[in-house]
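Please read the following report with the sequence and the model open beside it. It takes up helix packing and pockets in turn.

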Amino acid sequence: MGIDLGTANTLVYVSGKGVVLEEPSVVAIDKDKNPIAVGEEARKMLGRTPGHVTAIRPLRDGVIADFDSTALMLEEFIKRALEGSIGNPRMVIGVPSGITGVERRAVVEAARNAGAREVGLIDEPVAAALGAGLPVGEATGNMILDVGGGTTEVAILSLDGTVLSESVRVAGDELTEAIAGYLKKVHNLVIGERTAEDIKFQLGSAYPISGAELPPMEVRGLHLISGLPRTVTLTAEEVRESMADPLSVIVDAVKRTLEKTPPELAADIIDRGIMLAGGGALLRGFDDLIGHETGIVTHIADDPLRCVVKGTGEVLKNPKLFERIVNETTRSF
């Protein structure tokens, strides 16, 4: 079983079946820490629960923030993926390359508590590159930019290994928070996380869109001054402006990685381009922004959301790859 344990979404790959589960990384628990809902059902409860129920996202910035809730969530997802059959699967879990040994141990322990027989870890940029179909096993430079919910991973890969990598804890969540912060500052309007996400999906863009601009959107929230519900009209240009700061952090990480890249690999990357994966790749104009800032052609992976989990599947299929990549990553703590 391969798992992309993401801040925003968890995806599960089962050998012989492919990707069998794709759910938000949210769990709703009662006062006694018993799970009430997990996944999409729990996501609908965010910001709408009564006092005795708490809906939480147990992962933040790509790492476990609430250990017990993560184990509960994983256990439920494993049951769903195995369709109720009891098993102790061998697991490969994608983790951000920049997390500490303690954070890696927490992932392994949570998986074991959820019923895993054996747990291996793989760095998300390597998994994303494998899932995107990049020839990482060859003696050629490949650059991957994996923008998830909690972390952005930038890596240069060659010969099944990471030559250079950088992990920044700025990604989809920070873009959502930036939109909410802009509305509060400019329009005196307080909105919830789900509303901010809806704005990002409907109006969000990283680079000016050629041709017709997206139509304005009416946003409902609580007015800070009057304390009453209020509706404001938001434009795509305003949303793009609100996300400028977190996007610049991601662009700077890409530039820093390119500056450190050995000349031979840099030449390969100019030829091959940069591969964009993760949920952030779905933000309109993100590839244009990276291409404009670096001068290198940027491609979006065919199925960016599933790149990491597909990469874990590729590793499970190939014992040599498992031995070389997964064991090395797991031993590093």
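## Helices H2 and H3

In this predicted model, the crossing of H2 with H3 is right-handed. Helix H2 covers residues 67-81 and helix H3 covers residues 101-113, and the two pack at an angle of about 45 degrees with their axes 8 Å apart. That angle makes H2 oblique to H3.

On the side of H2, the contact is made by Phe67, Thr70, Ala71 and Leu74, while H3 brings Ala106, Glu109, Ala110, Ala111 and Asn113. Sorted by class, the residues of this contact divide into 6 nonpolar, 2 polar and 1 charged.

## Helices H8 and H10

Helix H8 is formed by residues 244-260 and helix H10 by residues 286-294; their axes come within 11 Å and cross at roughly 45 degrees. H8 is, as a result of that angle, oblique to H10, and the crossing in which H8 passes H10 is right-handed.

The residues of H8 that take part in the meeting are Leu247, Ile250, Val251, Val254, Lys255 and Leu258, and those of H10 are Phe286, Leu289, Ile290, Glu293 and Thr294. By class, the contact of H8 with H10 has 8 nonpolar residues, 1 polar residue and 2 charged residues.

## Helices H5 and H6

How close do the axes of H5 and H6 come, and at what angle do they cross? The axes come within 9 Å, and the crossing angle is roughly 100 degrees, so H5 and H6 are roughly perpendicular to each other. From H5, the residues Gly172, Leu175, Thr176, Ile179, Ala180 and Leu183 meet Glu193, Ala196, Glu197, Ile199 and Lys200 in H6. This contact of H5 with H6 has, by class, 6 nonpolar, 2 polar and 3 charged residues.

Helix H5 also holds His187. Although His187 and Val232 are 45 residues apart along the chain, their C-alpha atoms are separated by 7.6 Å. If residues up to four places away in sequence are left out of the count, His187 touches Tyr182, His223, Val232, Thr233, Leu234 and Glu238.

## The largest pocket

The largest pocket holds about 780 Å³ of space. Its lining is made by 39 residues, and Ala8, Asn9, Gly149, Gly279 and Leu305 are those that lie nearest the centre of the pocket. The elements that give two or more residues to this lining are strand E1 (2-5), strand E2 (9-14), strand E11 (142-147), helix H5 (172-187) and helix H6 (193-203).

Which element gives the largest share of the lining of the largest pocket? That share, 5 residues, comes from H6. By class, the lining of the largest pocket has 15 nonpolar, 13 polar and 11 charged residues.

## The second largest pocket

In the second largest pocket there is about 330 Å³ of space. Of the 14 residues that line this pocket, Arg48, Gly192, Glu193, Arg194 and Thr195 are the closest to its centre. At least two residues of the lining are supplied by each of H6 and strand E15, which spans residues 217-223.

Helix H6 gives the largest share of the lining of the second largest pocket, with 5 residues. The residues of this lining divide into 4 nonpolar, 4 polar and 6 charged.

Definitions and conventions: Residues numbered from 1 in each chain as written. Predicted model: local features only at pLDDT ≥ 70, side-chain atom pairs only at ≥ 80, totals over all residues. Heavy atoms only, no water. Axes fitted to C-alpha atoms, helices over the stretch in contact; angles between N-to-C directions. Helix = DSSP H or I, 4+ residues; strand = E, 2+ residues; numbered from the N terminus. Parallel < 35°, antiparallel > 145°, perpendicular 65-115°, else oblique. Left-handed = near helix turned anticlockwise from the far one by under 90°. Contact = heavy atoms within 4.5 Å. Nonpolar A, V, L, I, M, F, W, Y, C, P; charged D, E, K, R; others polar. 1 Å grid on protein atoms, 1.4 Å probe; cavity = no way out; pocket = protein on both sides within 12 Å on 5 of 7 lines; lining within 4 Å. Points joined across faces, edges and corners; volume = space filled by probe spheres on them.
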